[in-house]
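Student: I have a protein model to read, and I am new to this. Could you take me through it, feature by feature?

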Amino acid sequence: MRNQNKFFIIALFLIAIGLLYLLQPILTPFFAGALLAYLADPLVTWLMTFKLSRVTSSVIVFLALFLIMTLLILLLIPLIQSQIASLADVGPNMVAWLQNTIVPWFQETFGVHENWVNVDTLKKALADNLSKAGGAAGWLLQAILQSGVKFLEVFVNMILIPVVTFYLLVDWDKFVTGVRNLVPRHSVATFVKLSKECDSVLSAFFRGQLLVMLALGTIYSVGLMLIGLQIGLLIGIIAGVLSIVPYLGFVVGIILASIAACVQFGTLSSVLWVCLLFGVGHLIDPMYLTPKLVGGRIGLHPVAVIFAILAGGCLFGFMGVLLALPVASVISVWLRYWHQRYKHSELYQQA
């Protein structure tokens, strides 16, 4: 009977995974809403300590989140738009610098054909596309006219995400209790223990890793703007976001910033300042930021991080990339549990 139950549970699990894969085009607002509700639930629980009801606390937290996200969008969009406009001016010069400096070095070192790239075509394409990107309103209107269905899908998702977030936030305790009641009675203690460990890991990831990304993005952006780089803010944001993958933010950021410094200033000292800035950021991260803000509770190897992000993107697209590391962290908790069970099993202990 126990083997039949295990087979039934495994079958249900595989069916659930298959349904997730098949329904992935419509799951984005539900995943995003569940994620926001999970992050906001501790605030709701804290407000309830002041004798407020669950619904009232949820409304307060929801309105606060909505206000904060609206302010961030209103502040960031003009800044990013101005950076893209600056990139439209600098971009063609960067392509020309690559053509006149890097390409000849490749030709001399590796014997690459001299016409392997057409700089005039690249400059024209870059200038055209960036000039379009600089006008966010015009680009948005053009995108709406050209792809009405896609815009409608995005619009519906933008409406669904706050709706799903609010309803899950109000009923989060009921949802957690319902999941717990589905667990076989003899496994409740183990399930609760692992759930608390998963919650600890996820809290460490979301609170810590996002703060690390914000800190590195701020360090790189402010440092590059102090150096005088025109697109320093844009490069700093890119490096900060990509720092979720070990070494990727550092490598991409230092390459982009070095090329931009060479094009804008044309001096070796500017490149050295860029290298010094990213070197300091790269040292601060493992020595202070990650140990202080994240700690060792996630315990994912850098190779596992890269694999999780690529696998998430391959299976579930952009939302898969966002959820890859949290899901991988939870899986690592369960794998450690089963590893310990295996080490204490007769199969492992027998001679």
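**Reading the model**

Tutor: Start with the secondary structure: the protein chain has 13 helices and zero strands. Helices (H or I, at least four residues) and strands (E, at least two) are DSSP runs, numbered from the N terminus. This is a predicted model, where local features need pLDDT of at least 70, side-chain atom pairs count only at pLDDT 80 or more, and totals for chains, interfaces and linings use all residues. Residues are numbered from 1 along each chain as its sequence is written, and side-chain values use heavy atoms, with hydrogens and water left out.

Student: How do I read the length of a helix, say α10?

Tutor: The expected span is 1.5 Å times one less than the number of residues. Helix α10 covers residues 248-264, which is 17 residues. From first C-alpha to last, α10 reaches 24 Å, close to the 24 Å expected. Gly-266 follows α10, with a positive phi near 70°.

Student: Which residues of α10 are buried?

Tutor: First the cut-offs: buried means under 20% relative accessible area, exposed over 50%, partly exposed in between (1.4 Å probe, protein chains only). An α-helix has 3.6 residues a turn, so residues three or four places apart point the same way. In α10 the buried residues are Gly-249, Gly-253, Ile-254, Ala-257, Ser-258, Ile-259, Ala-260 and Ala-261. Across the protein chain, 28% of the 351 residues are buried.

Student: What is in the largest nonpolar core?

Tutor: A nonpolar core is a set of buried Ala, Val, Leu, Ile, Met, Phe, Trp, Tyr and Cys residues joined through side-chain atoms within 4.5 Å. Here the largest has 18 residues. Those with the most contacts inside it include Tyr-38, Val-61 and Leu-169. Helices α2, α8 (188-227) and α12 (302-343) each supply at least two residues of this core. Its largest share, six residues, comes from α12. A second, separate core has 17 residues, among them Val-212, Leu-229, Ala-260 and Phe-278.

Student: What does Val-61 touch?

Tutor: Contact means heavy atoms within 4.5 Å. Leaving aside neighbours within four places in sequence, Val-61 is in contact with Ala-40, Leu-43, Val-44, Leu-47 and Leu-169.

Student: Where does Leu-23 lie, and why does Leu-23 count as partly exposed?

Tutor: Leu-23 lies in the loop between α1 and α2 (24-48). Leu-23 counts as partly exposed because its relative accessibility is 38%.
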